[in-house]
Amino acid sequence: MLRPALLDHVRGLAAENLPAYVYDLRSLREHSRAIRAALPERVELLYAAKANSDPRLLRVLADHVDGFEVASGGELHHVRALFPDTPIAFGGPGKTTAELAQAVQAGVHRLHIESEHELRVLTTVLGDRGADILLRVNLPLSPGPVALAMGGQAGPFGLYPERLDACLAVIAADRRVRLRGLHVHLASGLDAPAHLDLASDVLDWARGWATDRDAELTEVNIGGGMGVDYARPDQRYDWNAFGSGLHRLLAHHPGLTVRIEPGRSVTVYCGWYVTQVLDLKRSHGQAFAVLRGGTHHLRTPATKQHDQPFRIIPADDWPWPWERPRARQEPVTLVGQLCTPKDVLAHRVPVELLRTGDRIAFAMAGAYAWNISHHDFLMHPAPVFHHLDEVPSLPTP
Ligand SMILES: Cc1ncc(COP(=O)(O)O)c(C=O)c1O
């Protein structure tokens, strides 16, 4: 929902200051507080910085999460510089030797190891302080129909379970490597009931694995992937159901800490990409609204092949002496300024009235949006970023 204060702010933006990203820090604070409140105490909440690492968002989140998950040396540097003492978990495939050394140097709370080779490289850069690791496993569990599957099938993520014993041998030979448990991020786009079923299977598997090896299992990170529905922005992941389900599950796993690392479901709702209709035309009987900006600022609809949800904000001033181009009670395709037919933000969405000069506020632009976009293509100006809290704040240059 575009709160009245945000709507006023958006209406007040000069056209030459569009497109703009508008972040609603108040809603982010309320949302992250509610997520934390829904989770049992024995569940640690990390925020996956890859979803959106904007410093002002991270500062709001820092009050409500137990730490951050990073997936590169760049993210590690960024998050550590902002929060010198906050726990950081470093995951992701393809870590370089330099990144592993950086993680050790930075004293990350947990290092998620993706392969036997990576583990061996780690042992070559370990200082005296050692490292606390989780082994990331690609379990033979099907996540069902999801947006993205990172496990339960062939893929570059994590270790096949058969390779875990080889890792245990490496760990046994080097006391500086402290194995704390397992990491299993299987998919993105899960709803709470499916997620709980999967979590239950993961925890059972992990316990069986540890019992067979006479090892104590104290931690399992079950990853992120809490689903968001771009077609129904009001239908949010059911954090209360997930939290109480985890509470029930944990009763069967005494002494175990579960960690989660969601990204998208945390920040997606707080971001808006606001722009303006530059032109409205018809082609082969269909209406197209050409917007300032496009998928080089908001790549999400192109990567996920969906219609980005939006709201029309009518702008009544029309400075030109000719008739204002418009679409009325018909489907309109919203495109950007790029010279490619792929620059589509929403495809044939019915509108009541849309006119050249009206503003469009795209919702759900707070995760995997600006930071995954190909900004430099065609060299259009970058959007201006606004961070609104209780009181309107000035744009960040
Ligand atoms: C290992 C890992 N953890 C957490 C996440 C965050 O997932 P999401 O943003 O879907 O919650 C990802 C996303 O790719 C991931 O690969």
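Phe-310 stands opposite Phe-362 of strand β17. This pair belongs to a predicted model, in which local features need pLDDT of at least 70 and side-chain atom pairs count only at pLDDT 80 or more, while totals for chains, interfaces and linings use all residues. Residues are numbered from 1 along each chain as its sequence is written. Strand β14 (residues 310-313) and β17 pair in the antiparallel sense, over four bridges. Pairing requires that DSSP find at least two bridges between two strands. Strands are DSSP runs of E with at least two residues, helices are runs of H or I with at least four residues, and both are numbered from the N terminus.

Strand β12 (residues 271-283) also runs antiparallel to β17, joined by four bridges. Here Val-274 has Ala-361 as its bridge partner. Strand β17 spans residues 359-362. Arg-359 and Ala-361 point one way from the strand, and Ile-360 and Phe-362 point the other way. All are buried. A residue counts as buried if 20 or more other C-beta atoms lie within 10 Å of its own, as exposed if 12 or fewer do, and as partly exposed in between, with C-beta atoms placed from the backbone.

Strand β16 (residues 344-355) holds Pro-350. Pro-350 is exposed because 9 other C-beta atoms lie within 10 Å. Beyond its neighbours within four places in sequence, Pro-350 is in contact with Glu-330 and Pro-331. Contact means that the C-beta atoms of two residues, placed from the backbone, lie within 7 Å. The C-alpha atoms of Pro-350 and Lys-281 are separated by 15 Å, and the two residues are 69 apart along the chain.

A barrel is also present. Eight strands close it in the order β2-β3-β4-β5-β6-β8-β10-β11, with parallel pairing. From one strand to the next, the twist averages 30°. Axes for such angles are lines fitted to C-alpha atoms, for helices over the stretch in contact, and angles run from 0 to 180 degrees between N-to-C directions. Strands β8 (residues 177-183) and β10 (residues 219-221) run parallel and are joined by three bridges. His-183 has Asn-221 in β10 as its bridge partner.

The protein is divided into domain 1 (4-21 + 269-388) and domain 2 (87-262). These bounds come from an automatic or database domain assignment. The C-alpha centres of domain 1 and domain 2 lie 38 Å apart.

The largest nonpolar core has 99 residues, of which Val-22, Leu-135, Val-202 and Phe-362 touch the most other members. Such a core is a set of buried Ala, Val, Leu, Ile, Met, Phe, Trp, Tyr and Cys residues joined through C-beta atoms within 7 Å. Helix α8 (residues 192-212) gives the most to this core, with six residues. At least three residues of this core come from each of domain 1 and domain 2. Setting aside neighbours within four places in sequence, Leu-135 is in contact with Ile-113, Leu-159, Leu-164, Cys-167, Leu-179, Leu-182 and His-183.

The protein has 11 helices and 18 strands. Its radius of gyration is 23 Å, close to the 21 Å that the globule rule gives for 397 residues, so the protein is as compact as a globular protein of that length. The radius is taken over C-alpha atoms, and the rule is 2.2 Å times the number of residues to the power 0.38. Along the principal axes, the C-alpha atoms fill a box of roughly 80 × 40 × 40 Å. Of the 397 residues, 43% count as buried. Among contacts between residues at least 6 apart in sequence, 71% join residues at least 24 apart.
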